[in-house]
Amino acid sequence: MVDVFIDFIGTTGFMNLTIQHMIMLIIACFLLFLAIGKGFEPLLLVPISFGMLLTNLPLSGVMEPMTVMFEILTPGGGAEGAIEAGMEVEQTVQNTGGLLQHFYTGNQLGIFPPLIFLGVGAMTDFGPLIANPKSVFLGAAAQFGIFFTFIGAILMGFTPEAAGSIGIIGGADGPTAILVTSQLAPHLLGPIAVAAYSYMALVPIIQPPIMMALTNSEERKIKMQQLRPVSKREKIIFPILVAIIVSLLLPPATPLIGMLMFGNLLKECTVTDRLSQTAQN
């Protein structure tokens, strides 16, 4: 009985906890506190932090990759050589992989970021931008963070691909960071996804002191008004035109920009309300 009990204890996660696991569990709980207790971007932080908690529970298997065994049915060479030579190979799935690993694979394959952009587009009103096109330069100026971060990562010794994946976080956009990283530096997808979304979720902490330092109380009371009414026709043409121009100018951006503009078209055309509500929710 004692041996059985000792063997059982050895198979529990408690006996396999490391310092790294415990640090990550503490961080996950802290982020949950910020999301639930303080209301900081709960739609972002609750899933991220609870996912972080689950993946750092030892032996849980939620991030275990799928394993496949190959059996050569005809003599000669390994599995890869047999496949290249057209020889018969039997493939057996030994382990289907963990639940969160499948979600992670969806990020690696670039499936989830465009779907997120579809929802973002369906919730976005481009009316103020259409009414005042020069305001696009405010958004463009924000992208300087990408280049500053890229240069900093290069100086720290990262490869250009890894530096580009890290730098894209400076654009303050999680789906873009995930998609770029899945193409350039897949091995960094986990930490970059957490960094990108945590950074955006913590904007309510980061932004107020900067705003207080750069503006006075009177400026903060200014109510932003749209310069002119924007017609329904303009709002319908805008996403179609942007999708065409941007995709022709930067073809690799088509999955994200295309889905963003498609979501916005669902919202603005008013004949696909059910699809628009589904994408938003």
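**The nonpolar patch and its surroundings**

Ile-116 is partly exposed, with a relative accessible area of 36%, where buried means under 20%, exposed over 50% and partly exposed in between, judged with a 1.4 Å probe and protein chains only. This residue sits in helix H6; helices here are DSSP runs of H or I with at least four residues, strands are E runs of at least two, and both are numbered from the N terminus.

The model is a predicted one, in which local features need pLDDT of at least 70 and side-chain atom pairs count only at pLDDT 80 or more, whereas totals for chains, interfaces and linings use all residues. Residues are numbered from 1 along each chain as its sequence is written, and side-chain values rest on heavy atoms, with hydrogens and water left out.

Ile-116 belongs to a nonpolar surface patch of about 840 Å², made together with Leu-99, Phe-103, Leu-109, Ile-111, Phe-112, Leu-115, Val-120 and Met-123. Helix H5 (99-108) and helix H6 (112-123) are the elements that give two or more residues to this patch, and H6 gives the most, with 5 residues. The accessible areas come from the Shrake-Rupley method with a 1.4 Å probe, and for residues only the protein chains shown count as cover.

Helix H5 also holds Gln-101, which is buried, with a relative accessible area of 13%. Leaving aside residues up to four places away in sequence, Gln-101 touches Val-62, Met-63, Glu-64, Pro-65 and Gln-108, a contact being heavy atoms within 4.5 Å.

The unreviewed UniProt entry annotates "transmembrane region" over several spans, among them 43-63 and 111-130; its positions are given in the numbering used here, feature names are shortened, and such annotations may be inferred rather than shown by experiment. Residues 111-130 are 80% helix and 0% strand, with end C-alpha atoms 30 Å apart, and residues 43-63 are 62% helix and 0% strand, with their end C-alpha atoms 22 Å apart.

For the chain as a whole, the accessible surface comes to about 18100 Å², of which 71% belongs to carbon and sulfur atoms.

Conventions: Patches are made of residues with over 30% relative accessible area and no salt bridge: like charges are joined within 9 Å, nonpolar side chains (Val, Leu, Ile, Met, Phe, Trp, Tyr) within 5 Å. A salt bridge is a side-chain nitrogen of Lys or Arg within 4 Å of a carboxyl oxygen of Asp or Glu.
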